[in-house]
Each structure stands twice: as C-alpha cells, then as structure tokens.
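Dear colleague,

Please open it first, and then read the notes below beside it.

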Amino acid sequence: MNKRINQVLVLVCFGFLSISFISAQGTVVNDDAMAGINQNGNWLSYGRTHSEQRFSPLANITKENVGALQPDWYFPIPNSRSLVSTPLVVDGVIYFVASLNIVRALDATSGEELWSFNPQVGEVAPERMRAGWDNSRGIAIWEDNLFVATWDGRLISLNRESGEQLWSTQTIDPELAMYITGAPKAFKGKVLIGNGGTENGPNRGYVTAYDAETGDQVWRFWIVPGNPADGFEDDAMEMAAETWTGEWWRHGGGGNSWHGWTYDAELDQLYIGTGNGSPWNRKIRSPGGGDNLFLDSIVALDPDNGAYLWHHQNTPGETWDYNSNMDIVLADLFIDGEPIKALMQAPKNGFFYVINRQNGELLSAEKITEVTWASHYDLETARPVEFPGVRYETSAVRISPGPVGAHSWHAMSFNPNTGLAYIPSIHSSTVYGDEGIDIENFEREQWRLNTGVNSRPGGDTRDDAPASLQAWDPVRQEQVWEVLADNIWNAGTLTTASNILFQGRADGHLIAYDAETGEELWDYDLGLGISAPPITYAIDDKQYLALLVGWGGSMAALGGPQAAEHGWSYGAQERRLVAFSLDGTAILPKQAPPLVPQPLPSSDFIVNQDLALEGGREFNGTCSMCHGGGAIAAGIAPDLRASGIPLLREAFENVVRNGALSDNGMPIYRDLTDEQLESLRHYIRSQAEAALRSNQ
Ligand code: CA
C-alpha cells in the first residue's frame, strides 16, 4: 500500500518518470524490471535481464576511451577462496556472495560495507561440506528480499536493506550427498533452486520453486523417474520412464540441475538445463540402452505449477558426463527471413543449439569445437548421429569434448547489435573406458566420488590452443572471430551497447575486446586468476565495471599439476571485489606473486606403502574434491603435501575428525577410523615424498 502511494506521489511530482518502475523508495525488483533492457543503470538479476544476455545498454565506456579504465574502489574479502559469482546492483548498492556463502552489501560508489550475512555453513552442517565445492554463482532479488542458497542445501531469504534473515528452508535431504552452487532464480513472486551431486552418490535431481515471501514450497519438478513401484509424481515422469531400462532408480539416475535456469517473461515459460547421468556409464544405469529422459536436456516448464511443456534432449542416453547446465540465453533472431523467438545454448557436448522456444523445435545445432562422439545433428529427427564405438562398448576410446566440456558454466553473453554470442570455450578430450568395473554388481555410496567410468585426460584437440574466446553467429551457425587462450579455465563474458566485450582470464588479466572484430582494446593485470564474469552499472551517469577476483570452480578444487601451475594457491593472494571507472584513482595493493606450494621434507615420517595405497583410495574418493587429485591442490584448499599437519597424528585428527577448522570450510569426518586416518597421513606423505624426489 505504501509503495503504491509513493508511486502516485512520484507520478504527480515528476510526470516524466511515469514510464519507469521507480517508486520513491527506489527500484521495485519484479518481472517488469528484470525483463526490461533499461534498468536505470542497475544489474538486477544473474544475466542482467530475464533474457540472460549479459548485454548492457550503458555506453559511456566506449571503444575509444576504454583504455582509460582504472580501479575506482576495491573491497578485500577475508577468508575467501573460490569467487565465481555475479554481483547484483540496485540503486547504488552492490550485493554479492563469496566463499562459505557469505553475502555482503556495499556502497557501489565507494566499496564501503553496509552489511554482511554469514549463514555459518561450518557450524550448521560441518559434515555436509564434504559434498561439493565452496562456490556460489550468485544471488537473486525479488522486491525487498534477497535470496542465497548454501553449500548444505538451504535457501535463505534476507531483507536486502538490512541483511536480516527472513526465512530459511532446507531444500535437500540431509542424508544425500547433494549441494548447491547455483544462483537462485526469482520470477513471478517465486524463487527457484536446483542442486548438484550426480557424482557424489546415487542421487536423483530436481528443481523446486518456493514462495518468495514465505519460503513455502510451491512446486517441484523431478528430472529423472524414480522407482515405478512407488508411482510417478506426474505424467512427465511416466513418459520419461519409457526411456530407461533395468533398475535405474537404484543408481539415482542423476540429471541434477545445478545451473542454467531462465524465465521467459514474454512467453511465460521457464527453461531448465539438466545434468548428466548417475553414474556416468549408461551400461550400469540403464543396461538395455534408452535415451534416459530428461538427462542432458533443456526442459520447458509452466512457471506457476512446474508442469512439463516441452523438451529437447541434447545428448540422448548420455554416457560422457555431458550436461546442459550452461546458460540458456533468449533472443529474437531472424532465421530464413522469419522472426524467431529463439533460445540458445552451448552445452558441454560441443554443439551450439538454436531452438524455437515457442514449441521446442530444434532449428540448428553445429559444432563449436572438435566433436568426436557424433558426426552431426539430423534436423528431421532432432537427434545427433553418433559415430560407432564412442560408447566404449568394447574398449577405451578418446572422446572430445571431455567432462570439462567444450563450454562450462562460464557465462556466455549475446550482443543484439553485433548479433553474436561470446563463448569461453575449451578444446580438450578424455579417454573413457570401463575395464575392470563390475557393471552388473555396481554399487555406490553417498559422499564418495564414483562415476562408473575409468577416465583420464586425452589431451588438447587443437594444435594452436587448448581454449579460446569464440564470437559465434547463431543464425549462420559459424564462428566470426576467435581469440586463442593459453589456459582452459577462463571466465564468463559481458558485452555492452558500445560493442565492447569484457572477459577475465585464468592468468589474472581482465581484457576489453572490440565485440565486432576481437581486437584487444585494454588489458589490466589483477594478479590473481579470474573465474567470475564482470558486470557493469551506472550511478549518476558514471559507468562502472566490476568483478570478483578469486580463482575458483572445479579447476581450483580438483587440482592436478596443470591447475596448480598458475600459482593461485590457497591464501597466497588477496581475494577482492574490484570496480573500475574512467576516472578511477584507487591504487590496488600489489598481489603476492604466483606461488606453487613446495612439499615439506620430513626425515621422521616413514611411509608405509600398504597404508599409503589404502589412503589413496580414501583420499581420491573424498579429500580430492578440494585438496586436489593426487594431493596436488590448486587454490580452494591447502596443498597437504606442503602442510605440517599430516606429520602430526594428533593435529591431523583434530582437523579431520574433530572439526578444528570447520569454520574455514574443512568438513568433519567423524566416521573415520584410526586406521583410515593413519592411511590418509601415509598417502599424503607418500605424495609429498614422490614430489620431492621428482624435484631433485
Ligand atoms: Ca557432472
């Protein structure tokens, strides 16, 4: 009521403002505001508008003056690691989520902190932190409420003026090894959240919509069918069950939707991107074959009740960890002279899809990189044509793309002026096989990585570069320009009405390109790997460019030598939110140089090789999620080969079994036996000694 009176007052006093959605109290963040291209300088939702284009009409920063960008302010983020999220800006306040799901509100002109909210993940759920990544890709706002989803599965609503908690609801069964990394999606007075966990246990994916005011569940959509004996939740699950064989429900099925949710305000439809199978190997999951709906699909739902509308499955019967959890971007395209309400996606499997979103019809699908699992798409059947032998039927086989994907969650943007989509893409392969795996008697536990596949890196698929930034014409389905990249884990993109494209890279450089040609216009070295996409906003006509700087995501978590090489190691460099402007005068303190942790020598610790072997199995099923495969860490957590803690039995027990560092994000493993603890110490030390020997 108050708001309406204020709005009327505004209309009376300032008639020229009547076209905007601004009241005297400020912007009302609702569907009209989030769908509109003109957001009064704000950045209101994950992809800026409901179209998810990450296109800004702000044009004060131009190709001519972009070279003058300088830091305007910065905010150091203590005790933070992996920063991958998109900040939001409303009426002079910038909101963002960092490590441990801590949310902050800052003055967007100065970086001064207004409030912070800590959901205390380590205190609330120290066991559950073992499922997943200390990441969050963002937050959502609906009217006066701000939403954050936590590692341990809570969806929390905050008052965005004060940071005070309004409600909290648990969205995941605490027994299941699932977690949340996605940014909640707000629309029509509701807020949607999904989850991850396909690799962590025999889990079954779903998305849920909650009432934005009360937190009450409005609807839930299951992505794969459960046991038919229990009855199906809806007709869509009954239809999906026709495409599965064997006793798939014993393995969960997967399909977890951890990212890729778009609300189409024009057509009043919701699109969700779905995940890969649980386990990866279809021979285990669905031994008689089948498409396994709705794995690796785009599914359109009724936003009011979650009812199925249509779907397109990108990879029928997927068996390579291909998921379609990537951004779903909406645009009006002219195809064969016809205006089309299109939907675009570049999922892991290497094709770029253009779909008529009114009916789900596949209009085109072309390869953005080397794709060796399928020769092409048959548009008559809307299905890919697979090469023989690609399902490792008889022997291990090298396939491109691999599980890291041709494109992952790093934001794709679309510029309606240039007509181009901008994709951070990866050109690599993986060798898949299942020799030695007991397909028939396969069993999995919760909280343990197990994919039912033996996979190992298969190398780059191009001679010139392992990755690139591609400008892609979705109408002609061809590349217009490309910039090669030395590293595979580069960040998401932003494009503006001045036809500039911004992207941060794994090497710590933030670059501005000419969006039409790919020519480099500006390069700023931030001294730490960038994994988050930039945003732009304006306050009193002054345009800012802002981004989180903090190496993160699966490369920083799963580690390995290639990821560790960057030297963005745990605690070495300061994690920051940095804002640039054309008249910025802030001086960023120099970052510490890249640091690759060196293994600690010890003459006292005598490694027992049998124990080390046993510890290796334990480590690589759980600890490796953050401390890195082979105990080679890359930023999210300390490199244990360089730590003194594994050398001391009591200190190790305090941290691992008693939770001494749970406030820092280290989970508690109460169930580990004395022998398991010992075996872990021996594995870590054996890896330290192996590294010391190879350094000599
Ligand atoms: Ca996966």
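A residue is called buried when its relative accessible area is under 20%, exposed when this is over 50%, and partly exposed in between, with a 1.4 Å probe and only protein chains taken into account. By that rule, 63% of the 696 residues of the chain count as buried.

Please keep in mind that this is a predicted model, in which local features need pLDDT of at least 70 and side-chain atom pairs count only at pLDDT 80 or more, while totals for chains, interfaces and linings use all residues. Residues are numbered from 1 along each chain as its sequence is written, and side-chain values rest on heavy atoms, with hydrogens and water left out.

As for the overall form, the chain has 10 helices and 42 strands, where helices (H or I, at least four residues) and strands (E, at least two) are DSSP runs numbered from the N terminus. Along the principal axes, the C-alpha atoms fill a box of roughly 80 × 60 × 50 Å.

The calcium ion is coordinated by Glu199 (OE), Glu199 (OE), Asn276 (OD1) and Asp321 (OD), at 2.3 to 3.1 Å. Donors here are N, O and S atoms within 2.8 Å of the metal (3.2 Å for Na, K and Ca), and water is not among the atoms, so sites may look incomplete. Asn276 lies in the loop between strand 19 (269-273) and strand 20 (277-278), and Asp321 in the loop between strand 22 (308-313) and strand 23 (329-335), so the pair ties together parts that are 45 residues apart in sequence. Asn276 is buried at 2% relative accessibility, and Asp321 is buried as well, at 5%.

Two further residues deserve a look. Glu618 is found in helix 8 (residues 609-627) and is buried, with a relative accessible area of 12%. Leaving out residues up to four places away in sequence, Glu618 touches Arg448, Cys623, Leu672, Gln676 and Leu680, where contact means heavy atoms within 4.5 Å. Asp473 lies in strand 34 (residues 467-473) and counts as buried at 12% relative accessibility. Beyond its neighbours within four places in sequence, Asp473 is in contact with Gly419, Leu420, Glu478 and Val480.
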